[in-house]
Amino acid sequence: MENLLKCNFCGRKKNDITFLVSGINGHICNFCIEKTYSIIHREFLDKNIEKKKKTDLQKLKKPKEIKLFLDKYVVGQNEAKKIISVAVYNHYKRIHHNFSNSENQDIEIEKSNILLIGKTGTGKTLLAKTISKLLKVPFAIADATTLTEAGYVGEDVESILTKLLQSVNYDINSAEKGIIFLDEIDKISRKRNNPSITRDVSGEGVQQALLKILEGSVINVPPQGGRKHPDQKMIQINTENILFIAGGTFDGIEKIVSDRIEQISIGFLTQEKRKKNNYKNYIKNIIATDLKNFGLIPELIGRFPVTTYLNPLNKKMLKKILLEPKNSLIKQYQKLFNMDNISMNITDEALDIIVDKTFQVGIGARGLRTFCEKIFLDYMYDIENIRSVLNIDKDIVMNKLNYQ
């Protein structure tokens with residue numbers, strides 16, 4: 001009788017299976033149990049994935065919310081912040097949406113890498129860092145000046161992905177949704193008036209090597225960075241959903257822009273009006289042709305569809321940077337002194353001297369920290385002898401900075 005028992009689902013006899021589970025009116029074998037579990041598990045998993053995507057999309061900040069967050073940390077640059085907010089929102093919305101659905105098979109939304117152009121200290125790196133902080137995604141900074149063509153002294157372009165991997169302890173899934181800030185992108189421009197006997201190993205060759213990474217491909221990455229070796233184990237990373245933000249000062253590009261504009265407008269602008277067209281106005285009119293004339297290859301320019309410019313910082317903006325952002329320098333120093341139960345106050349006149357000195361040097365907001373360090377260093381060193389209040393006035397700052 002026992003040999004006649006069989007699975008009521010697939011018909012297998014007891015002798016042909018590992019075990020048989022008996023119910024009141026039927027039996028099911030281990031094969032059918034496994035298959036049923038697989039179907040239920042897959043259905044449940046698909047629903048959970050879809051539910052998670054909808055939740056993630058709802059959590060994604062809208063462009064106005066992104067800009068409001070940037071406003072807390074970055075002073076001014078409203079046009080740049082607006083452009084970046086929209087580009088970042090569209091990028092991560094593109095990731096969260098599943099474009100493999102049948103109704104969307106003919107629509108492929110491309111990545112919107114961002115190119116930031118602006119003088120040193122205007123906030124290019126800060127903008128990228130703040131975006132990653134808001135979105136809670138992996139972030140890495142890579143210096144384009146260290147990159148060279150394969151076979152030459154320097155780093156392969158794939159090493160920029162190694163830094164992102166290292167920032168998340170080699171969690172590939174997290175890294176593939178991160179942000180990479182590629183600094184000094186202008187330094188890999190094609191060298192103009194370069195002697196033909198000298199190979200431009202850190203210029204056009206590096207630009208060509210970056211193309212595949214920027215557009216979205218599966219890249220073999222050396223886990224420790226540096227150079228690739230034939231017997232080295234590689235890690236594969238898909239860069240399709242990695243957002244690249246490149247920044248550069250592009251010194252001299254304003255002349256390229258002004259020459260183009262004046263050439264077009266000959267006969268339409270008087271000499272007096274041409275004089276009124278300052279650097280700031282020219283640089284806002286940058287187009288792809290100007291970047292090409294500067295030394296970037298057209299293919300690389302095409303990989304950065306979103307281009308924006310950061311305005312030079314004037315004294316008013318520098319003072320705001322000192323005081324207003326959520327983590328402004330003065331707030332940071334006040335916090336440091338407060339940890340030792342010291343209340344630090346600084347007068348408005350003292351702040352004006354710091355700003356004036358920074359403006360003279362011409363290195364943007366970075367100069368503010370340099371001069372603040374000079375002012376507060378001795379007080380920090382002698383912290384145990386400071387009573388509950390530290391007042392910094394104009395005379396103290398003038399003396400510390402040798403201000404005339």
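User: In this predicted model, is Gln-77 buried or exposed, and what is its relative accessible area?

Analyst: Buried is the term for residues under 20% relative accessible area. Gln-77 falls in that class because its value lies under this limit, so the residue counts as buried, with a relative accessible area of 4%.

User: Which strands are the edge strands of the open sheet?

Analyst: The sheet is built from five strands with parallel pairing, arranged in the order 4-5-8-3-9. A strand at the edge pairs on one side only, and this holds for strand 4 (139–143) and strand 9 (306–309).

User: Which residue stands opposite Leu-182 in strand 8?

Analyst: Strand 5, covering residues 179–183, pairs with strand 8, covering residues 243–248, in the parallel sense and over four bridges. In strand 8, the residue that stands opposite Leu-182 is Ala-246.

User: At about what angle does helix 4 run to strand 5?

Analyst: Helix 3 lies across strand 3 (114–117), strand 5, strand 8 and strand 9, and runs at about 155° to strand 9. Helix 4, formed by residues 124–135, lies across strand 3, strand 4, strand 5 and strand 8, and its angle to strand 5 is about 175°.

How values were computed: Residues are numbered from 1 along each chain as its sequence is written. This is a predicted model: local features need pLDDT of at least 70, side-chain atom pairs count only at pLDDT 80 or more; totals for chains, interfaces and linings use all residues. Side-chain values use heavy atoms; hydrogens and water are left out. Buried means under 20% relative accessible area, exposed over 50%, partly exposed in between (1.4 Å probe, protein chains only). Two strands pair if DSSP finds at least two bridges between them. Helices (H or I, at least four residues) and strands (E, at least two) are DSSP runs, numbered from the N terminus. Contact means heavy atoms within 4.5 Å. Axes are lines fitted to C-alpha atoms, for helices over the stretch in contact, and angles run from 0 to 180 degrees between N-to-C directions.
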